[in-house]
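Here is a short briefing on one protein chain. Please look over the sequence and the model before reading on.

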Amino acid sequence: MSTSCFPQSAIANNIEPLIRMAEQGTGIACLPDFAVRQQIEEGRLVVVLTDHVQNAGAFRVLWPSSRQLSPKLRVFVDFLAEKVFVEPPVVR
């Protein structure tokens, strides 16, 4: 059977299907480090093409202007700072 009948790319409106397809071995995906950190640590995914990907970009949290953050928003911002934006693991 020719592999030309398989799609060359996939489009999704969120990253979960892309993660699952990569875990199932259907291809590779370019995803944010924080989205696949656990899968990499558990060995379900491996990092490839590190010389060809540049980690650049911005992640912003916006909220209505006020003098103080609501407690819920403060907890969310602290969570992002502690869990999401940590240094990625070193790949060897």
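This is a predicted model: local features need pLDDT of at least 70, side-chain atom pairs count only at pLDDT 80 or more; totals for chains, interfaces and linings use all residues.

Residues are numbered from 1 along each chain as its sequence is written, and side-chain values use heavy atoms, with hydrogens and water left out. The chain has three helices and zero strands. Helices (H or I, at least four residues) and strands (E, at least two) are DSSP runs, numbered from the N terminus.

**Overall make-up**

- The elements run α-α-α from the N terminus on.
- Of the 92 residues in the chain, 12% are buried. Buried means under 20% relative accessible area, exposed means over 50%, and partly exposed lies in between (1.4 Å probe, protein chains only).
- The chain has an accessible surface of about 8,300 Å². Carbon and sulfur atoms hold 55% of that surface. Accessible areas come from the Shrake-Rupley method with a 1.4 Å probe; for residues, only the protein chains shown count as cover.
- Among contacts with a separation of 6 or more, 19% are between residues 24 or more positions apart. Contact means heavy atoms within 4.5 Å.

**Helix H2 and what follows it**

- Helix H2 spans 33–41.
- Ala35, Val36, Arg37 and Gln39 are buried in H2.
- The cover over the buried residues of H2 includes H1 and H3.

- Where does arginine 44 lie? Arginine 44 is in the loop between H2 and H3.
- Arginine 44 is partly exposed, at 40% relative accessibility.
- Leaving out residues up to four places away in sequence, arginine 44 touches Glu23, Gln38 and Gln39.
- The C-alpha atoms of arginine 44 and alanine 22 are 9.0 Å apart. These two residues are 22 residues apart along the chain.
- Opposite charges matter here. Side chains of opposite charge can pair when their charged atoms come close.
- The chain has four salt bridges. A salt bridge is a side-chain nitrogen of Lys or Arg within 4 Å of a carboxyl oxygen of Asp or Glu.
- One of them joins the side chains of arginine 44 and glutamate 23 (3.4 Å, N to O). Glutamate 23 is in helix H1 and arginine 44 in the loop between H2 and H3, so the pair ties together parts that are 21 residues apart in sequence.
- The side chains of arginine 44 and glutamate 23 also form a polar contact of 3.4 Å. A polar contact is a pair of N or O atoms within 3.5 Å; within protein, one must be able to donate a hydrogen and the other to accept it, and residues adjacent in sequence count only if both atoms are side-chain atoms.
- Glutamate 23 is partly exposed, with a relative accessible area of 24%.
- Arginine 44 also meets glutamate 42 in a salt bridge between side chains (3.1 Å, N to O). Glutamate 42 is partly exposed, at 47% relative accessible area.

- Aspartate 78 and arginine 74 form a salt bridge, with their closest N and O atoms 2.9 Å apart.
- Both residues are in helix H3, four residues apart, which means a separation of about one helical turn.
- Aspartate 78 is partly exposed, at 38% relative accessibility. Arginine 74 is partly exposed, at 38% relative accessibility.

- Most residues other than glycine have a negative phi. Leucine 49 is not a glycine, yet its phi is positive, about 60°.
- Leucine 49 lies in the loop between helix H2 and helix H3 (71–84).
- Leucine 49 is partly exposed, with a relative accessible area of 47%.
- Which residues form a nonpolar patch on the surface? They are Ile28, Val46, Val48, Leu49 and Val53, with about 490 Å² of accessible area together.
- Patches are made of residues with over 30% relative accessible area and no salt bridge; like charges are joined within 9 Å, and nonpolar side chains (Val, Leu, Ile, Met, Phe, Trp, Tyr) within 5 Å.
- Isoleucine 28 lies in the loop between helix H1 (16–23) and H2. Isoleucine 28 is exposed, at 67% relative accessibility.
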